Amino acid sequence: MNIIQLFRNIRPFVRPYRLLVLVTLILTLAGSMMQQVNAIVLDRTVDAINALIGTDFSWGQAARILIIISSVLLGKEILSALISFAQNYFGERMRIFVSRDLSQSVIEKVLTFRMAYFSSDENATGRVQARIDQGVSSLSRTVQNFFIDLLPLFTSALLALILMFVANVYVGLVALSIVPLYFLITIRQAKRLKGWRREMRSYREAKSQGIKNIVDSINVIKSFNREQIEAGKQLDLQNRVTENQIKTRRVSFYFDGLKSFVKQVGTVLVIILTAYLVLIQYPGMTIGKIMYHVMLFTNVIAPITQLQRIFDDVNDALIYAEGFFDILKSDDEVEQTGSYRPETIRGEFELKGVDFTYPNGNQALFGVDMTIHPGKITALVGLSGAGKSTIVNLLDKFYTPQKGTITLDGVELAEYDTRYLRDHIGLVLQKNHIFDGTIEENILYGKPGATHEEVVEAAKKSFIYDQIMSLPKQFDNKASDLSGGQQQRIAIARMFLKNPPIIFLDEPTASLDAVATEQIKNSIEAIKKDRTVIIISHNISQIIDSEMVYALRSGRVEQYGDPDEIYRKGGIYKDIIDASARSLNIEKIAKTINQ
Ligand code: ADP
């Protein structure tokens, strides 16, 4: 991305604040004019005082000159302070607003993306977050650089240069000839520091990531007595940081010195030339003009000193803006939806010859044929990685298969309005999905706007009510403080509140204790009536209770039918059930119970 594209991309975000931009620009111009007042006043003062020297002047005359000068300078300073305050304030306001809009629009965009976007390696959570964070901060810094830092300085420099040229073309030319040299040195400095600065940023990220890892795994580190090894890993990083800092400082000091020298050479040249012109009594060149030009020259040079930092920032913005605007503009990632919204959903899914490959190239399903009967419990059985969760992902339209068809009640899934479809599906996953908030808020997620009574009812159905009531703040307790098993029941309560005709349970009891599992089993039993239920479970009792079983191996359906029947036939289903029974040590348990 080049700088023109960068500004073209930022423009829509700045446009709503046109008025702020206008005010900032007017203030900038006014502020830049104020910057030149000192030089003008000094010029007049020197000439006025010079005119008095050697004449028979009265002290009253001198006092009058000094009073005028003091009031102009003080008045200018007050005005200047006000203008600079207003300019900074409005400029900053704009930066804050733009930054808010950038963040919000990218969040809204990301929420519309299809699941495949999130599961590709390139968009792992941390990376998307970094791309957004860095994009927002570097873009808003660009806005700040332009409107708050750069524009006022350059306007002031340009104005000072014009004043120099108007007063005397030759002095103006000398000043102008120094600018490219100064500019060149600054650019060289920025280029030398560029790579190092970037290196430094990655070190900083690594450092904070390192500290995070230590805190996260402190119990493992301590239990293995690996404190020294961990400290050693950090030491290497610290050394690299130190080396980088020293290098950067050394180069910065060198270039700063060089710039200071060039600036001084420029000032000397301006003094020599103006003094010469004064001495030969060149028209318009009075003694006051020496000071006048020196001060203006300082204003001309000032912004270039800042250029190095701004050059760096713009370079960053060019890099980060690309990733950021890629997200904002990737319309092909937006989830597709159809428009079909039937009055009711029966819940009969039909998969025919379904092949599915994840975005990273992992083929998870091969020619899957499957019928999910409405109002029945279907269990998906298979070893880890067999493709069970993938099937649920496809039925919820999180992904689209590359080959084959999936229909619901005879209509292709793609034709369904996605929001409508998901409103009719309840999904409980093996991982807890508790949000930051109270228990009440977490259950309400299943049906925003439900009454407290409905929430209580749902909590009772998922056998979590009594435990909630024994908490100090009951339903107002933070949900994240609950145990894993309790959180899972909150997730199930949420589904009860949503009350959908189709329910997918992906190892819903994986993190529950035996008693809770039994209670959940009972409540699932209660809710299954007239609903389509798909359950993925390693829990033998839940599998055996289902009315239909699909046994998968490596992405293919190997057996299906009535659980008892296919058990008798032998095969993968029998193998899994037998292994589960053995792992439970059922014979010994039976003996113990019968004692
Ligand atoms: P199961 O639910 O039977 O344990 P999954 O459906 O989760 O199996 O996984 C099937 C295959 O797809 C596995 O090889 C797994 O590694 C792969 N897989 C699952 N999710 C993803 C994903 N988001 N991206 C890439 N591959 C995936």
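Author: In this predicted model, the side chains of aspartate 417 and arginine 341 form a salt bridge, with their closest N and O atoms 2.8 Å apart. The two partners belong to distant parts of the chain, 76 residues apart. Aspartate 417 sits in the loop between β5 (411-412) and α11, whereas arginine 341 sits in the loop between α9 and β1. Aspartate 417 has a relative accessibility of 14% and therefore counts as buried, the cut-off for that class being under 20%. Arginine 341, by contrast, has a relative accessible area of 52% and is exposed, because that class begins over 50%.

Glutamate 335 pairs with arginine 422, and the closest N and O atoms are 2.7 Å apart. Glutamate 335 lies in the loop between α9 (288-329) and β1 (349-357) and arginine 422 in helix α11 (residues 418-423), so this pair ties together parts that are 87 residues apart in sequence. With 24% relative accessibility, glutamate 335 counts as partly exposed.

Lysine 233 and glutamate 230 meet through their side chains at 3.2 Å, N to O. Both residues are in helix α8 (residues 227-279), and because they are 3 residues apart, about one helical turn separates them. Lysine 233 counts as exposed at 51% relative accessibility, while glutamate 230 counts as buried at 18%. By the rule applied here, the count of salt bridges comes to 16.

Side chains of opposite charge can pair when their charged atoms come close. Other charged residues form a patch instead. Arg188, Lys191, Arg192, Lys194 and Arg250 gather on the surface in a patch of positive charge. Helix α6 (residues 169-216) supplies the largest share of this patch, 4 residues. Lysine 194 is located in helix α6, and at 31% relative accessibility this lysine counts as partly exposed.

How values were computed:
Residues are numbered from 1 along each chain as its sequence is written. This is a predicted model: local features need pLDDT of at least 70, side-chain atom pairs count only at pLDDT 80 or more; totals for chains, interfaces and linings use all residues. Side-chain values use heavy atoms; hydrogens and water are left out. Patches are made of residues with over 30% relative accessible area and no salt bridge: like charges are joined within 9 Å, nonpolar side chains (Val, Leu, Ile, Met, Phe, Trp, Tyr) within 5 Å. Accessible areas come from the Shrake-Rupley method with a 1.4 Å probe; for residues, only the protein chains shown count as cover. A salt bridge is a side-chain nitrogen of Lys or Arg within 4 Å of a carboxyl oxygen of Asp or Glu. Lys and Arg count as positive and Asp and Glu as negative; His and the chain ends are not counted. The place of a charge is taken as NZ of Lys, CZ of Arg, CG of Asp or CD of Glu. Helices (H or I, at least four residues) and strands (E, at least two) are DSSP runs, numbered from the N terminus. Buried means under 20% relative accessible area, exposed over 50%, partly exposed in between (1.4 Å probe, protein chains only).
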